[in-house]
Amino acid sequence: MKKYYYTILFLLAAGFLCAQPLTIEKTSVDKRLTAQLEEALAGFHGEVGVYVRNLKTNRVAAVNADTIFPTASMVKVPILCGLFNKINQGEIKFDQELVYRDSLKYDNGIVGSLKDSTKIALPKVVHLMISLSDNTGSLWLQAMAGGGATINQWLDSNGFANTRVNSRTPGRKDGQAKYGWGQTTPREMAELVAMIRNGKAISPAVSERMYRYMGMQFWDGEAISQIPPYIKTAAKSGAVNQAKSEALVIHAPHGDYVLCIATKNQQDQTWQKQNEGYVLIRKVSAIIWNHFEPKSKWKPAEGSDKFWF
């Protein structure tokens, strides 16, 4: 018996025994919405996956929802969870003051533009990571959370078998080469956001605080732009040359729903409003909104295009 006990310990340490993949009980397929999505995705010049779950009815529509895609900046949601797990364990103080150093600089975002020795409160860096998607701040917080390996451990223990932080993470060199900073599936990223929405990520109080951050989005020109501005949303988007993605919860009048759309290997690598990936994200978001809210007469106001950024 002792021999088997030590064998199990070894396997756990080596990572051979992992958490079971994420599953949501008692879901059913929304066939009409699935058909609409399949039609919308047809002909896209690249690969695309979509996952939608109505949190009230548990009806699901999925197309390539278990395919692995680059997260781009959606990786900041796992980083957020890793950081708050440390805060919850008492290893990091939420209200502490941080000191920025030039050695932390990754790019010329807000945090990367600070002068050496500038003091900044941790909650402000978190806000910049989630709202403005500040990269230097995000890498700083990733390190504070214990690094990618620690964040990946949390993901694995919570059933996210395919969602991983790759950048600056030992053993993830191949993943980084293929997917960049992070990787996920539309189903897993959507369900991670849903876990936060439902108060089940780390603790109800932690989930609530993280969800408030996700509800303050600067980058609202794609999926969010197809939702009436008076409807509450919580989201995180991501974009690199060949991949565009977004995960969000929409508090629709007839019931909340969670959505994630992700692309990869796009032929269109432009950074304009009419990028094929951006167009598809907006199209899919509009289809889903109108599916769940068929009586809604709201459309983006004429002239709103001029405010895309």
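**Close-up views of a predicted model**

**View 1. Contact of helices H3 and H4.** Lys76, Ile79, Leu80, Leu83, Phe84 and Ile87 in H3 meet Leu122, Val126, Met129 and Ile130 in H4, where contact means heavy atoms within 4.5 Å. These residues divide into nine nonpolar, no polar and one charged; Ala, Val, Leu, Ile, Met, Phe, Trp, Tyr, Cys and Pro count as nonpolar, Asp, Glu, Lys and Arg as charged, and the others, Gly among them, as polar. The model is predicted: local features need pLDDT of at least 70 and side-chain atom pairs count only at pLDDT 80 or more, whereas totals for chains, interfaces and linings use all residues. Residues are numbered from 1 along each chain as its sequence is written, and side-chain values use heavy atoms, with hydrogens and water left out. Helices (H or I, at least four residues) and strands (E, at least two) are DSSP runs numbered from the N terminus.

**View 2. Geometry of the H3 and H4 pair.** H3 (residues 76-88) and H4 (residues 122-132) pack at an angle of about 160°, with their axes 10 Å apart. Axes are lines fitted to C-alpha atoms, for helices over the stretch in contact, and angles run from 0 to 180 degrees between N-to-C directions. The two helices are therefore roughly antiparallel to each other; angles under 35 degrees count as roughly parallel, over 145 as roughly antiparallel, 65 to 115 as roughly perpendicular and the rest as oblique. The crossing of H3 and H4 is left-handed, that is, the near helix is turned anticlockwise from the far one by less than a right angle; clockwise would be right-handed.

View 3. Ser138 is placed in helix H5 (residues 135-144). Because its relative accessibility is 0%, Ser138 counts as buried (under 20% relative accessible area; exposed is over 50%, partly exposed in between; 1.4 Å probe, protein chains only). Apart from neighbours within four places in sequence, Ser138 is in contact with Lys76, Ile79, Met129 and Trp181.

View 4. The axes of H8 (residues 186-197) and H9 come within 8 Å and cross at roughly 120°, which makes H8 oblique to H9. Val193, Met195, Ile196 and Arg197 in H8 meet Ser207, Met210, Tyr211 and Met214 in H9. The residues of this contact divide into six nonpolar, one polar and one charged. Ile202 lies in the loop between H8 and H9 and has a positive phi near 75°. At 24% relative accessibility, Ile202 counts as partly exposed.

View 5. Six strands form an open sheet in the order E1-E3-E2-E11-E10-E9, with mixed pairing; two strands pair if DSSP finds at least two bridges between them. The edge strands, E1 (28-29) and E9 (233-240), each pair on one side only. E9 is joined to E10 (residues 243-250) by eight bridges, and the two run antiparallel; Gly238 stands opposite Ser245 in E10. H9 (residues 204-214) lies across E9 and E10, at about 60° to E9. H10 (residues 276-292) lies across E2 (47-54), E9, E10 and E11 (257-264), at about 160° to E11.

View 6. E1 and E3 (residues 59-63) run parallel, joined by two bridges, while E2 and E3 pair in the antiparallel sense over four bridges. Val60 in E3 is the bridge partner of Val29 and also of Arg53. E2 and E3 form a hairpin with four residues between them. Asn58 in the turn has a positive phi of about 65° although it is not a glycine. At 17% relative accessibility, Asn58 counts as buried.
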